[in-house]
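Welcome! Here is a short tour of the structure shown below, starting with how its parts are named and then moving inside.

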Amino acid sequence: MPSTVDPHETRAAVLAVADWLTGAAEKPERPVLAAAVRLSLRTLAQVAPGRSVEVRVPPFAAVQCVEGVRHTRGTPPNVVETDALTWLRLAVGLEDWSAAVEDGRISASGSRADLSGWLPLLRVTP
């Protein structure tokens, strides 16, 4: 996997699911959704480099990001986990981090697990 993410490829992948993010379309096919999730997570890892937080969007991908103490074994002390719809809505600015945490759509544990400072990653217009 390349170390950097092509922003045009990420934008195209997210645009392919943009109507779903706004509720204007049905859930996309799994490969289309997987590409949007994986590329946007890799973009997060690129803009917030590090290994102190693990961000999980099952079943599609997980990345480590955010500078700080590196985690090497067992369950990381800083974990963010959410579903694909919530993650992608956060990534494009259609979702508020605090509201998603409060209503349980994001599980965020650890002192570094607040990603609101890095979101949104990109803006798209469906």
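Helices (H or I, at least four residues) and strands (E, at least two) are DSSP runs, numbered from the N terminus. This is a predicted model, in which local features need pLDDT of at least 70 and side-chain atom pairs pLDDT 80 or more, while totals for chains, interfaces and linings use all residues. Residues are numbered from 1 along each chain as its sequence is written, and side-chain values use heavy atoms, without hydrogens and water.

Let's begin with α4. Contact here means heavy atoms within 4.5 Å. The cover over the buried residues of α4 includes α2, α3, β1, β3, α5 and β4. Where α4 starts, a side-chain oxygen of Asp 83 comes to within 3.1 Å of the backbone nitrogen of Leu 85. After α4 comes Gly 93, with a positive phi near 85 degrees.

| Helix | Buried residues (under 20% relative accessible area) |
|---|---|
| α3 | Leu 33, Ala 34, Ala 36, Val 37, Leu 39, Ser 40, Leu 41, Arg 42, Thr 43, Leu 44 |
| α4 | Ala 84, Thr 86, Trp 87, Leu 88, Leu 90, Ala 91 |

How values were computed
Buried means under 20% relative accessible area, exposed over 50%, partly exposed in between (1.4 Å probe, protein chains only). A polar contact is a pair of N or O atoms within 3.5 Å; within protein, one must be able to donate a hydrogen and the other to accept it, and residues adjacent in sequence count only if both atoms are side-chain atoms.
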